[in-house]
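Subject: A structure for you to explore

Hello! I am handing over the structure we talked about, and I hope you enjoy turning it around on your screen. Have a look at it first, then read on for what was found.

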Amino acid sequence: MNKEYDVIVCGTGAGGATVAREMALRGKKVLMLEAGGNTTMMGNTLTMAFILKHYGLIRSEEKNTVTFADNYGGLSNLAAGCAAPPPRVVFDPVGIDLSAEAEEARRDMWIQVQPDELIGPENLRLMEAAHNAGYSWSRMEKFIDPKKCTGAGSCMLGCKTGAKWTARVYGDEAIAHGAELKLNTKVTGVIVENGKVTGVTSSRLGMKKNYYGKSVVLSTGLDNAYILRRAGIREAGHGFCCDWLQFVGGIIPGMNTSRATPMAVGGMEHYESDGIVVLPVFPNWAQFLVLLWFSGGTAYLPKFADFWKYTGLMVKVRDETTGELYKGVHFSKPVTERDKKRLDKGVDIIRRVLLKAGAHPDSVLPLRPSGAHPSGTCRIGMVVDGNLETRIQNLYCCDASVFPSSLGLPVVWTAVALGKRLGKHLDSRLGV
Ligand SMILES: Cc1cc2nc3c(=O)[nH]c(=O)nc-3n(C[C@H](O)[C@H](O)[C@H](O)COP(=O)(O)OP(=O)(O)OC[C@H]3O[C@@H](n4cnc5c(N)ncnc54)[C@H](O)[C@@H]3O)c2cc1C
């Protein structure tokens, strides 16, 4: 006899782990299937490389890097811990109000502004420079427990102390409430009978296995679109977003941000009008080396010698929904004219802030655009409905792939809020 679960959750990122936890807390039989392993958080480059699919070296046809997860907890393991609530500008047009779920998540995720000693002198100096340049910056909220944080600044390399909330917190809570987790298990397809999903097909170390459930939630990020296409939902993966970002470094004598807390302060004032946010954060040495190579080849590589002198900031934009997934990690995702205008405006703001903070104009170095928020491949209104259900009954998507348009903001809080909302819907569907 095959065991039947109430809910099979595929992928354990912020979206998936939240649904799993919500359902396990309600006493449902939950199975989590995760393609990746369970890398130990060591707060170093190796941790980052193990968590990212293909070590983070995936590039679009247009040669821009876009990062995808391959581990328990997904990309939240590498998040800077910066918290932005679900933006109304994205969800109002599809009639979804996530404010109640976002408030619940705020309590669970320890969301708060960090004390100044953790924000650190570099960030406070940049904020002052931004104010002097005429911008309105503030301290950002973060999903970090300040009592556990050492201020090492290694949030994006896998926080060692557990100070940063990750989807593993919810995944582990789901397990504590009876959910099962199968690691290294890649979901390859869904089983559909009479228009209803009844299970999934999977592969683990070359062994194929089917799992059966009353409902299936796809939270695999990129793979959602491929799985749905195989099930006949051909429109999945046509056009997607990744919140193009551009890092800009500058050399300010006597200061560098290599160990500063990332995204602890920032400027949101251009978000509503232009879809731009500016936050202090820079790649670590290994990502910097790769980005230098991708940005300017051998001409740029000598700049690596200055890595420990740079003060770094990032502009992130709401990009247009464009591009196409082809196969595996082969995809096209152009930086459109509008995306470029937004990035250029952000680079200009950063340049002004860096100069006010004392950077030499010749030292200002914008790197090539990249994307760290793959999203919008299974958009609400196109691939899933307002309850996140596909046209195959009881088959749902819940992660950044359902965003109706680009967020241009930190994603985790929104993915968690969506997971909580889906939890309520599934609970009412499944009954007691
Ligand atoms: C360096 C970096 C810093 C960031 N900083 C922040 C920040 O400060 N704040 C913030 O809010 N956001 C941040 N983000 C973005 C944020 O972390 C992600 O956008 C968010 O975590 C995505 O969650 P998700 O649930 O959509 O999917 P993912 O985290 O992508 O989860 C997908 C999961 O599915 C698994 N999977 C994939 N394919 C399969 C398959 N076929 N079968 C089974 N499992 C599969 C993956 O291994 C993964 O666990 C950052 C991202 C990066 C890369």
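One definition before we start: a residue is called buried if 20 or more other C-beta atoms lie within 10 Å of its own. Please also keep in mind that this is a predicted model.

With that in hand, go to helix H7, which covers residues 222-230. Its buried residues are Leu222, Asp223, Asn224, Ala225, Ile227 and Leu228. What covers them? The cover includes strands S7, S9 (207-218), S15 (322-327) and S18 (395-397). After H7 comes glycine 232, and its phi is positive, near 100°.

Now zoom out to the whole protein. You can find 11 helices and 18 strands in it. Its radius of gyration is 21 Å, close to the 22 Å that the globule rule gives for 432 residues, so the protein is as compact as a globular protein of that length. Along the principal axes, the C-alpha atoms fill a box of roughly 70 × 45 × 40 Å. Of the 432 residues, 54% are buried. Among contacts with a separation of 6 or more, 76% are between residues 24 or more positions apart.

Next, the inside. The largest nonpolar core has 134 residues, and Ile8, Ala20, Val30 and Val217 have the most contacts inside it. Helix H11 gives the most to this core, with 8 residues.

Two of those residues deserve a visit:

- Valine 30 sits in strand S2, residues 30-33. Is it buried or exposed? Valine 30 has 27 other C-beta atoms within 10 Å, and the cut-off is 20 or more, so it is buried. Setting aside neighbours within four places in sequence, its contacts include Tyr5, Val7, Ala20, Met23 and Ala179. For a sense of distance, valine 30 and valine 113 are 34 Å apart in space, C-alpha to C-alpha, and 83 residues apart in sequence.
- Valine 217 touches, among others, Val7, Val9, Gly16, Tyr396 and Leu422, again not counting residues up to four places away in sequence.

How many residues surround it? There are 40, and the closest are Gly11, Gly13, Gly74, Asp399 and Pro410. Helix H1 (14-25), strand S7 (186-193) and helix H11 (412-430) are the elements that give two or more residues to this shell. By class, the shell has 20 nonpolar, 15 polar and 5 charged residues.

Happy exploring, and write back with any questions!

Definitions and conventions: Residues numbered from 1 in each chain as written. Predicted model: local features only at pLDDT ≥ 70, side-chain atom pairs only at ≥ 80, totals over all residues. Near = placed C-beta within 6 Å. Helix = DSSP H or I, 4+ residues; strand = E, 2+ residues; numbered from the N terminus. Nonpolar A, V, L, I, M, F, W, Y, C, P; charged D, E, K, R; others polar. Buried ≥ 20, exposed ≤ 12 C-beta atoms within 10 Å, placed from the backbone. Contact = placed C-beta atoms within 7 Å. Rg over C-alpha atoms; globule rule 2.2 N^0.38 Å. Core = buried A, V, L, I, M, F, W, Y, C linked by C-beta atoms within 7 Å.
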